[in-house]
Structures are given as C-alpha cells and as structure tokens.
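Colleague: I've just opened this one and could use a guided tour. Could you show me how to read it, feature by feature?

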Amino acid sequence: MTDKENVDPGHFSLELTCNLCVEFDDSGGNFVRKSVYKNACLNLMRNELRDLVLKVNSTVEFQIEEGLKVNKRFSKEGKATLQLSEQNVKLLISNCAPNQLMLFLRTLSLKFVSLVDGKRSTKANCRRSALNMKPKLTEISPVNANEIGRAHV
C-alpha cells in the first residue's frame, strides 16, 4: 500500500486556532506594517469563483494564488509561515497545536495543488471585475481521493 491509499480525507482540517502575525511588504519586499491576532481562527474557504481564501477571525481575507510558499520547518513546535508573494503578505503562525497545524497545512497543500492543476482561465478574473461585487465565501469541501492522487502525497 502506498501513502496515497493510507490517507483518510475525513482527517483534514479546514480551521486552525493559533496566534497570527500578518506582515505586509511593499512591492520591493520592504516591511511596511504588521497586524497581530491572539487566539486567531484561521479558516480555509472558497469564494464564488472557487478560488481558495484564507479568512482570519471572520474579518480579514487573503486570496491564495499561484505564489503560495509554505515554510513548515518548525511545524513540530506549532509554528509555520505562509507567504503570499502575489499580495506581498506573510502569515506567521505560532502557538498552535502541532497536530492541528500539520493537518491544516496538509489540507492547504492538497487544495492548492488542486487549484494549480485545474488552473482557471483569465475569464474568471475578467468576470470578477465585470461583476464588481464583494465575493461570497463558502466552506471548502473535504479533501477527496482525486486530490490526494494528484498531489502524490
């Protein structure tokens, strides 16, 4: 049996409780400002155009695009960094249960691979600007066997 066959899609997390520091950089990579959230609730969701969105405390939203980088070197200590290079934003996660963090990062990775593999055309971006409306968010679906197979877990 391979690792792909051992992964149970029902055991993936879509919500994370942690301390969160959000760092905003300018286009040159220079630090501009940061926001700190104690006991933040970080949710992985989809908007109406099926884009992945990270939502912090039901208020702040970050759309996940192709430039996502995940640093999970210290995940066993409950720490990780998500870098959204297209938006010049870093999400520094800390004070999190290591198991919960690992499940959240695995879910994020699987859903992100799915997003990149099924890369949508520029028509979706044109449609969003034409509609000029605030996106409506829905909960993300659980990881399925097809996504696990494409990610080569």
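**Starting from one residue**

Modeller: Let's begin with Asn19: setting aside neighbours within four places in sequence, Asn19 touches Tyr37, Lys38, Asn39, Leu92, Ile93, Ser94 and Asn95. Keep in mind that this is a predicted model.

Colleague: Where does Asn19 sit, and is Asn19 buried or exposed?

Modeller: Asn19 belongs to strand E1. Its relative accessible area is 13%, and buried means under 20%, so Asn19 counts as buried.

Colleague: Which backbone atom lies 2.9 Å from a polar atom of the Asn19 side chain?

Modeller: That's the backbone nitrogen of Asn39, at 2.9 Å. Asn39 is also on the contact list of Asn19.

Colleague: Let me step back. How many helices and strands are there, and in what order do the elements run?

Modeller: The protein chain has four helices and eight strands. Read from the N terminus, the order is α-β-β-β-β-β-β-β-α-α-β-α. For contacts with a separation of 6 or more, 57% are between residues 24 or more positions apart.

Colleague: And how much of the chain is buried?

Modeller: Of the 153 residues, 38% are buried.

Colleague: How do I read the core? Which residues have the most contacts inside the largest one?

Modeller: Think of a nonpolar core as buried nonpolar residues joined through their side chains. The largest one here has 29 residues, and Leu20, Ile64, Leu91 and Ile93 have the most contacts inside it. Strands E1, E2, E3, E4, E6 and E7, along with helix H2, each supply at least two residues of this core. H2 gives the most, with six residues.

Colleague: Take Leu91, then. What is Leu91 in contact with, beyond its neighbours within four places in sequence?

Modeller: Leu91 contacts Leu20, Cys21, Val22, Leu54, Phe62, Ala80, Thr81, Leu82 and Leu84.

Key:
Residues are numbered from 1 along each chain as its sequence is written. This is a predicted model: local features need pLDDT of at least 70, side-chain atom pairs count only at pLDDT 80 or more; totals for chains, interfaces and linings use all residues. Side-chain values use heavy atoms; hydrogens and water are left out. A nonpolar core is a set of buried Ala, Val, Leu, Ile, Met, Phe, Trp, Tyr and Cys residues joined through side-chain atoms within 4.5 Å. Buried means under 20% relative accessible area, exposed over 50%, partly exposed in between (1.4 Å probe, protein chains only). Contact means heavy atoms within 4.5 Å. A polar contact is a pair of N or O atoms within 3.5 Å; within protein, one must be able to donate a hydrogen and the other to accept it, and residues adjacent in sequence count only if both atoms are side-chain atoms.
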